[in-house]
Amino acid sequence: MIKSGYSKATPFTLAANPPDADQKGPVFLKEPTNRIDFSNSTGAEIECKASGNPMPEIIWIRSDGTAVGDVPGLRQISSDGKLVFPPFRAEDYRQEVHAQVYACLARNQFGTIISRDVHVRAVVAQYYEADVNKEHVIRGNSAVIKCLIPSFVADFVEVVSWHTDNEENFYPGSEYVVSQQYEEDIHKAFVIRGNSAILKCDIPSFVADFVSIVSWHTDQDENFFPGTEYVVAQYYDTDVNKAYVIRANAAILKCEIPSFMADFVSIISWHTDQNEDFLPNTEYVVQQFYESEVNNEYVIRGNAAVLKCSIPSFVADFVQVVSWQDESGELYATLDEPNGRFVIQTYESEADNEYVIRGNSAVMKCEIPSYVADFVYVDLWLDSEGRNYYPNNEEEIVVHQFYQTRVTDEFVLRGNAATLKCSVPSFVADFISVESWVDEEGAEILKPQENDSLVVQQFFESQVYDEYVIKGNAAIFKCQTPSFVADHLEIIDWLDTEGGFYTKNETVVPQAYTVNVMDEAVLKGNSAILKCHIPSFVGDFIAVASWVEDEEREIYPMSQNEIRTVLPSGELHIREVGPEDGYKSYQCRTKHRLTGETRLSATKGRLVITVFLEQKVIDLCRNEEEINISWKV
């Protein structure tokens, strides 16, 4: 037995004989698209093809898995598996046919496949008129004219062109240029002679977005074009101010250039009154006399001493020490040189005595003189018995120390949990771990392993407190569990005084509730929506199963009715309300999702139909009755 993967599909039986090598399940050759929209004047065909051996059977189904049949004149299934919607009249539109979700199912002995959902929507041609309102606009400004389309067809209608009474045509997406008369103006600009001046061309705002400046012209027939560089020769003088500086210090001379030429003038060279030339970006070295000096340093014998070579600041950036020379003429190279020299100094290290309590750890320190501390490190330790201890030795040295553990008494209330602690001396705490516990009777409690757990039985009592609640509302009872066992307990069921059991997540408590349907006011010819009012405290569990008209006719959500439709939300949708609908009553029938209980609404809803005054007048005129109408303003 093989079941279709689609919901509610009918199961079928396969033969027990093994398939041949060339036999296979169905595969789509052409799968229908996800959405099909068509007009009632054109109709539509939805094609579905599949291959397989044996040739698969094509079946069209709805979203709930039920098979689709022929509806004369509205829906047909052709012999080649196409779903055909022939053209139809507007009054023959049926929502369950023309606004439905379909799927193509192909099956043979070796499998079943289902296509994607196909959302079918038919559009009924309706007469409508578009209108253009007048727009008042100041001459020279822009105007926006809107095409008013009735709302009931606005989703399906788009503007493709505009037309004037002079037989001018305008199409969206095309650029149209309307010539407008305009005049530009140039304001005078006052400027100091020698400075720069900027002239502005004032263009009217209503054409500013479409007009650009292509050239400038003077009254002397001179032409200037944007993007072209024009150079106006201007006379100017440069000046070099005096700079006062201490001898041997550096000096900076500045070339003063007038501001109106500063952006266009650069310095290419400097010249002295002695015909010396200096060019920018060229390095010039000026020889300067300087003397270096070594200051005396006072130091305790045996300590290290650092002598400093004092170099004048005005040449410090260009001078470095290459060697030192003593009074006897011996040279000392700097440490950066390969033949750098080291001075061996005598020193003594010392290990200070440390006072420590027996059993505690002790740390011995090696005291090294500060003047060699940067160059000396401890290589090993040697005790008085000749044993060596090496720092960072790979072999760990373990010193056995005597210690005692202790368990302190703990006071605890009966029924509560108690924690006993094993006190380990601090000087061995980093190396000691608790392996087990032993009680007075000699029973040993081993340390739990990674996956072990020790459970201690403890006596406890749970309690349920009274809850006050309004009749018809929901109530929540809480089970009070002692905190010392709360982490290890869970509630498995509840028991009432009459012996009834309530299991977790499996108990439904019936609650009394009332459903009402209110009257709805609607204009004649419009659509009306009746709502089934369900109390909020049961709203999550109650669904509308059907509607009852005049206590006789049942209207179901999936029923095929052009005028009355039950929406997925449970509301009743009535189209094209007429006077006769005002005499009918409606009730909703609800069903509890958990208990399966059905219930009819306690009140009946009616439609209160309103008719326009002008419609009443027209009806009276048709009846050839004499009427008098007076208007008050």
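User: What is the torsion about the S-S bond of Cys-532 and Cys-588, and is the disulfide left-handed or right-handed?

Analyst: The torsion is about 50°, so the disulfide of Cys-532 and Cys-588 is right-handed. A disulfide is a covalent bond between the sulfur atoms of two cysteines; here it is called when a pair of cysteine sulfur atoms lies within 2.5 Å. Cys-532 and Cys-588 have their sulfurs 2.0 Å apart. Keep in mind that this is a predicted model, where local features need pLDDT of at least 70, side-chain atom pairs count only at pLDDT 80 or more, and totals for chains, interfaces and linings use all residues. Residues are numbered from 1 along each chain as its sequence is written, and side-chain values use heavy atoms, leaving out hydrogens and water.

User: How many disulfides are there in the whole structure?

Analyst: There are 2. Cys-48 and Cys-104 form a disulfide too, with sulfur atoms 2.0 Å apart. Its torsion is about -85°, so this disulfide is left-handed.

User: Is Cys-104 buried or exposed?

Analyst: Buried means under 20% relative accessible area, exposed over 50%, and partly exposed in between (1.4 Å probe, protein chains only). Cys-104 is buried at 0%, and Cys-48 is buried at 1%. By contrast, Cys-201 is partly exposed at 24%.

User: Which residues touch the most other members in the largest nonpolar core?

Analyst: In soluble globular proteins, nonpolar side chains tend to be buried together. A nonpolar core is a set of buried Ala, Val, Leu, Ile, Met, Phe, Trp, Tyr and Cys residues joined through side-chain atoms within 4.5 Å. Here the largest has 19 residues, and Leu-530, Trp-547, Leu-572, Ile-574 and Cys-588 touch the most other members. A second, separate core of 18 residues includes Cys-104.
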